[in-house]
Each structure stands twice: as C-alpha cells, then as structure tokens.
Amino acid sequence: MSIHNNYVAILAGGVGSRFWPESRLKLPKQFLDLLGTGQTLLQNTYNRFKDICPRENIYVVTFESYTDLVRQQLPGVPETNIVAEPSRKNTAPSAAYISHKIYARNPQANLILTPADHLITDERIFERQVFETLDFVSKNNHIASIGIRPTRPDTTYGYIQYEMGDGDDLFHKVKTFIEKPNLDIARTFLRSGDFLWNSGIFAWNVKTFISVLDEHLPELNDVFVQARDVLNTPKEAKAMEMLYAQCTNISIDYAIMEKVRTVYVLASRFGWSDLGTWESAYEHSEKDYLGNAVYGKNVMIIDASGSMVMAPDHKLVVLQGLEQYIVVDTPEVLLICERSKEHQIKDYLAEVKRNKGEKFL
C-alpha cells in the first residue's frame, strides 16, 4: 500500500444541536474548543491525520456556509479540498460525493471517512490502527469500520455485532449494525463480548465503494455519475447546486452498512469518545473535589456539586446550591438544565424555534 493512495475525508457539516447554546447554527461545535485544549475539534481531527497521508490528500466535507470557518481554522488545507455541500442530506450523500470526487483524481485511492468531533486520547494506537484499516481495504473489496470495545452499557452510541473468530485476525465480519439501545439491552451487549460501539469511522477503496453504491443505492450513485466530467473542475460547484437536490436524505449506516454483507470491523481501544453531548464533555473534563467541571476564569462555586459550568472569562458567575446541573452562559443565551435531562435539549430547541424564531439557534 502506497501512502500516496491514502486519503482522509473529515465530515464537518453538522449543527451540533446537543451542545446548544455554546454550539450555534453560525458556529457549530466542530469549530469550537469545547474542552479547553487550545484547538477546536476540527483542528484536533486534522492534526490526528496529517501524518497518516499526504496533507494534500486530506479533505473536509462541510456545509457551504461553513467553508470560511474551515479556511480560517485549517489554512493548510488546499482550497480544492474543502468540499462544500449546498444542502444537508446526511452522511450517505457526503460519502458518495467525496468518493466520486477522489476517484476522479485517483482511482486507486483508499479513503478513511471520519466525523470531526471525536476525542481520542491514545493517538499512537489510533494511527497504527488507521494504517491497518487502510491496508485492509487496499487488499480486499470490502468496507471496513473501526469499532470501539465498550467499557460500559452506554445508551448514546450505536453498536456493531461481529462474528467471533479464533482471535488471530484483526478484522471480523460484521453481523449487524444496531441503533442506540435501551439500558437493559446495552448491558446485554456488554456481557456478550461480541458487540462494539460504532465509532462512525469507515474506510474503503473508492472503486469498491462506488460499486457498492451502484448496487445498493443506484439513484444516489447516479447523481454523482452525472457530475463525473466536472468533478475537480471550476464547474463542480454549480453542478452540485443543481444535482444535490436529487440526493436521498439518509445516513450511511442505513443506506449502506446495514445492507452490505461484506463489511468488516476492527475491534479497537484507543481512548475514544464521541463528543456528542454535554454529558460526554463533562466525563472528559477536569473536575474539582466536588465533581464540578468548570470553564471560565471567574466562576465561583458555593455548595454545588457534580455540575458542568461554562461561562465567558470576563463574566463573574456565582453558582450556589445546584447539584448535577449543566449551566452554559453565552452572550445571548443562558441554559440551566439538569444533567439527567440533557437529552431534552433538542426539544427545547424546537420550542425556541417555535416561539422565538431562529435568532437564538
């Protein structure tokens, strides 16, 4: 496998609604430094991959209104590698678009598709396993996934069940992809030993993936076949504006992974978390002796415990008596929510939109 055939596509077009109000439509979570690392989630993701393939082979797929943010945060990414989607159509069209685009440039390309919002603590193991995954798809006409060995019965992640082998092979054939389970089922998955968390990181040879698309989702594949002659040319953007409306709004899991019989998974451990909720951010934050995770230079805690607090550095915030709360203070919005109720934040957003319009979204 030549490293010059390795490509990465970072998906960075989501709105990050579960991190509202810090994450907003104009500045969603992938462009924020949510854990105080000094880098945004997008920058961390880019840096994680810059030694895995040539930097000119790293693409960012994003919503068209976020392209300036990508340019600002990743000035090393060539302009042609910022792929602007004219509308949000979920992950299957994103995967199809970038696969056809890269195929037009290099039909031998092996592609890793990754979200922009993951936290990975052991990057050396991660890098090794990404190389192993790219090597696997370069030698086999299979799609590969990187699964995470679960450490708890988590109900916020999807799961992958795989066929148990003799333990000698790195990659195991996938039995099924399963959506987020309830707690009892998640406990059963953990005990069984043949379930992994679905990281949402996939890999394939672009020729293989286009063939799979043509078989299982031909109407989506045909959209990008129509654009084949203009991909990677100045005419691409205008063509996509017209053609993207024809794309099915569907996730890659539903559209492809649950249908294809030759999907394989690598069972991994490299300190992974999908930073999808305030609770996940709380879990990975430093805490004081009362279990409070505090972001903000002028936050004062009095008789409060187990809370996640985020406030501007210039603002004095005094928090007294709250236990197990999320408190997020921004210039326009103040959120005070029980940690156990954070799954309702999407519902609150719907109410805000209904009563106040999009000003506060």
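Visitor: What does methionine 257 touch, not counting residues up to four places away in sequence?

Guide: In this predicted model, methionine 257 touches Ile143, Phe177, Phe202, Trp204, Ile252 and Val263. Each counts as a contact because heavy atoms of the two residues come within 4.5 Å.

Visitor: Which residues touch the most other members of the largest nonpolar core?

Guide: They are Ile98, Trp204, Phe224, Ile252, Ile256 and Met257, out of 48 residues in that core. Helix α3, residues 91-105, supplies the largest share, with 6 residues. Another core lies apart from this one; it has 42 residues, including Ile146, Phe195, Trp197 and Tyr264.

Visitor: What makes such a set a nonpolar core?

Guide: Its members must be buried residues of the nonpolar kinds listed for a core, Ile, Trp, Phe and Met among them, and they must be joined through side-chain atoms within 4.5 Å.

Visitor: How many disulfides does a search of the whole structure find?

Guide: The search finds 0 disulfides. A disulfide is a covalent bond between the sulfur atoms of two cysteines. To be counted, a pair of cysteine sulfur atoms would have to lie within 2.5 Å.

Visitor: What is said of the phi of asparagine 232, and where is its place?

Guide: Its phi is positive, about 65 degrees, although the residue is not a glycine. Most residues other than glycine have a negative phi. Asparagine 232 sits in the loop between α7 (218-226) and α8 (236-243). Its relative accessible area of 37% falls between 20% and 50%, so the residue is partly exposed.

Visitor: Is the peptide bond from tryptophan 20 to proline 21 cis or trans?

Guide: That bond is cis, with omega near 10 degrees. Most peptide bonds are trans. Proline 21 belongs to the loop between β1 (6-11) and α1 (41-49).

Visitor: Why do β12 and β17 stand at the edges of the sheet?

Guide: The open sheet has 4 strands in the order β12-β14-β16-β17, with mixed pairing. β12 (293-295) and β17 (334-338) each have a single partner strand, so one side of each is left without a neighbour in the sheet. The twist averages 5 degrees from one strand to the next.

Visitor: How do you know that β12 and β14 pair?

Guide: Pairing requires at least two bridges; 3 bridges join these parallel strands, so they pair. Alanine 293, for instance, has methionine 308 in β14 as its bridge partner.

Visitor: How do you know whether the radius of gyration agrees with that of a compact globule?

Guide: For 361 residues, a compact globule would have a value near 21 Å; the chain has 21 Å, so the two agree. Buried residues make up 53% of the chain.

Conventions. Residues numbered from 1 in each chain as written. Predicted model: local features only at pLDDT ≥ 70, side-chain atom pairs only at ≥ 80, totals over all residues. Heavy atoms only, no water. Helix = DSSP H or I, 4+ residues; strand = E, 2+ residues; numbered from the N terminus. Axes fitted to C-alpha atoms, helices over the stretch in contact; angles between N-to-C directions. Buried < 20%, exposed > 50% of the residue type's maximum accessible area, 1.4 Å probe, protein only. Rg over C-alpha atoms; globule rule 2.2 N^0.38 Å.
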